[in-house]
Amino acid sequence: MTTEQNSNEKAGNLDNLEEFTELTVEVDPELVSICKDSGARTEEAKAIYMKSRTMIQELIGNKTLEDRFRQRCVIATGDVSVADIMRFMHDPITAGVDAIKKGAPIFVDINMVKAGITKAGHKSEIICVLDEDQNSEIAKKYGITRTSAGFLAARERLDGSIIAIGNAPSALIMVCKLIEKGVKPALIIGLPVGFVNAAESKEIVRNLKVPVPSISCVGTRGGTPMAVACVNELVAIARESKD
């Protein structure tokens, strides 16, 4: 028997799983009972989420709906300073919650964002635009990025949608070009991360000639965790308003 087989056999024959299942945090029943996050489904998950949320509320405040998004992005990144760089334009939370309630599609730039968005608590289809440009035909023909080509391919379906971008500045720039040509998404969550066009693309969103509700941040930071956090917070607020 090989070492690998021996290891697998031992792992498969554990008799006492309880020694591995001790909770990593103390469960406060009161906090657990008020947790409405659809991604937290067990007592331990709810306890971890609510403990994090309570800690961050004390650090950055909890007075407005915008504060809730700041809290969630701080938790997602482990960086308290991201609360100060977030920007909310043209009543984006109302627009986003209304879109979630209507079951509007959510278009994302990469599969990591799609994977992170909760599937519970809403009926919106989550669409990664990498799947929209079949065989990368548009990307190859024009020499543009696959994410840009994906949004270009999906252009006729973007009206009324939520667009969440956490990775690709080029995709966010493409979305802005489409908006200038008449496309009307309900909300842009524009949080691409990086050093090439990331800061610039988010600045373009905030200065569109045709105002569109948006959540963005200043500078090079951002990323998939922040984009996912914002969508999931929209879902949470939409769900609460139905209860």
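In which hand, left or right, does helix 8 pass helix 9? I will come to that after a few words about the model.

What we have here is a predicted model, in which local features need pLDDT of at least 70 and side-chain atom pairs count only at pLDDT 80 or more, while totals for chains, interfaces and linings use all residues. Residues are numbered from 1 along each chain as its sequence is written, and side-chain values use heavy atoms, with hydrogens and water left out.

The protein chain holds 11 helices and six strands, where helices (H or I, at least four residues) and strands (E, at least two) are DSSP runs numbered from the N terminus. Of its 243 residues, 46% count as buried; buried means under 20% relative accessible area, exposed means over 50%, and partly exposed lies in between, with a 1.4 Å probe and protein chains only. If we take contacts, meaning heavy atoms within 4.5 Å, between residues at least 6 apart in sequence, then 61% of them join residues at least 24 apart.

Now to helix 9, which covers residues 169–180. Its 12 residues should span 16 Å at 1.5 Å a residue, and its end C-alpha atoms are 17 Å apart, which agrees; the expected span is 1.5 Å times one less than the number of residues. Nine of the 12 residues are buried, so helix 9 is largely enclosed by the rest of the structure. Those buried residues are P169, A171, L172, I173, M174, V175, C176, L178 and I179, and what covers them includes helix 8 (146–153), strand 4 (162–165), strand 5 (187–190) and helix 10 (198–206). Just after helix 9, G182 takes a positive phi of about 115 degrees.

That brings me back to the opening question: helix 8 passes helix 9 in a right-handed crossing. A crossing is right-handed if the near helix is turned clockwise from the far one by less than a right angle, and left-handed if anticlockwise. The axes of the two helices come within 7 Å and cross at roughly 25 degrees, which makes helix 8 roughly parallel to helix 9. Axes here are lines fitted to C-alpha atoms, for helices over the stretch in contact, and angles run from 0 to 180 degrees between N-to-C directions; under 35 degrees counts as roughly parallel, over 145 as roughly antiparallel, 65 to 115 as roughly perpendicular, and the rest as oblique. T147, S148, F151 and L152 of helix 8 meet S170, A171, M174, V175 and L178 of helix 9.

A second pair is helix 4 (residues 65–77) and helix 11 (residues 224–242), whose axes come within 9 Å and cross at roughly 135 degrees, and these two are therefore oblique to each other. Helix 4 also passes helix 11 in a right-handed crossing.

Finally, let us look at a loop. Most residues other than glycine have a negative phi. H90, however, has a positive phi of about 60 degrees although it is not a glycine, and H90 is found in the loop between strand 1 (86–89) and helix 5 (92–101). D91, placed in the loop between strand 1 and helix 5, has a phi near 50 degrees, again a positive value in a residue other than glycine. As for accessibility, H90 is partly exposed, with a relative accessible area of 44%, and D91 counts as partly exposed at 49%.
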